[in-house]
Amino acid sequence: VRLDAADPASAENAVKEMCEKLLANTVIETYRFEVVPR
Amino acid sequence: LKFAVVVFPGSNCEVDTYHVLTSVFGQECDYVWHETAGRNALAKYDCVVLPGGFAHGDYLRVAAMAAVSPVMEAVSENVERGGLVLGICNGFQVLLEARLLPGAVLPNQSLEHRAQWVHMRVDNDHTPFTRAYEREQVITYPISHGDGSYFADAETLRQVEGSGQVVFRYCDTQGSVTTASNPNGSVNNIAGIRNRRGNVLGLMPHPERACEAILGGKDGAGIFDSLVQALVAA
């Protein structure tokens, strides 16, 4: 996923929110991701 | 009384549910499309039903997309207001994904889609959804699902069990809760739960498919009987 963010921390927050709200159900799933600044 | 049956793309039990509410129970009912937006979109309904099916094709994860559909804002608002919300099969899964009920479902332990009749024991008859039943009554409903194995972490399960939130449990014909009578591997044979406040019920089996003798059984009528009784009394 490519996204525009002011800095790595806000990118991290945005991805975390995507994971928690939709991409993963943390009752039965875990997730991990890595932010790579470009 | 006025009922709403929410329709997602991929719902496939909305007509059965509508039929039962209108033709069998003589109530008013509207279909409400999932794109219906606004917090008060469902405010005029006495009860909202999320029917079975495969909402949004169950893409990404069972019920995951449906849980973020626009209409869910109004469903949540109805729950907060104390309105009654019933989720059947995929509708139950939507309520779990939307965190309106605790826990989640996993694929059936058999890894097979199971379509069969099952026996359930009524564990809690003090709810607006089950007051027409008696505690420990054994009732028979059909199931049809591939992802119905109820799961909750130990702490959540302790709370759910400790506060009467387990409403239905899979059992044998005598009401004994056994491994053999569990069709999907649900923890503690849980078939249906309510929220802590008691105004939301979700269950995997299909009451709407068991309300007329011609369909093989009428035990499901108890849920709709209960709802009508509870709403008339309110």
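My entries follow, beginning with the conventions.

**Conventions.** I am reading a predicted model, in which local features need pLDDT of at least 70 and side-chain atom pairs count only at pLDDT 80 or more, while totals for chains, interfaces and linings use all residues. Residues are numbered from 1 along each chain as its sequence is written, chains are lettered from A and ligands numbered from 1 in the order in which they are written, and side-chain values use heavy atoms, with hydrogens and water left out.

**Interface.** I looked up the contacts (heavy atoms within 4.5 Å) and found twelve residues of chain B touching nine residues of chain A. I then took the buried area, which is the accessible area (1.4 Å probe) that two parts lose on being put together, summed over both; for chain B and chain A it is about 860 Å², with carbon and sulfur atoms giving 60%. On the chain B side, L60(B), R61(B) and R99(B) lose the most area to chain A, together 50% of what that side buries.

**Pairs across the interface.** I counted one salt bridge between chain B and chain A, taking a side-chain nitrogen of Lys or Arg within 4 Å of a carboxyl oxygen of Asp or Glu. The side chains of R61(B) and E29(A) meet in a salt bridge at 3.2 Å, N to O. Strand β5 (residues 104–106) of chain B gives the most to the side that touches chain A, with three residues, strands being DSSP runs (E, at least two residues) numbered from the N terminus.

**Salt bridges overall.** In one of them, D30(B) pairs with K2(B), the closest N and O atoms being 3.5 Å apart. D30(B) lies in strand β2 (residues 28–33) of chain B and K2(B) in strand β1 (residues 2–7) of chain B, so this pair ties together parts that are 28 residues apart in sequence.

Conventions. Helices (H or I, at least four residues) and strands (E, at least two) are DSSP runs, numbered from the N terminus.
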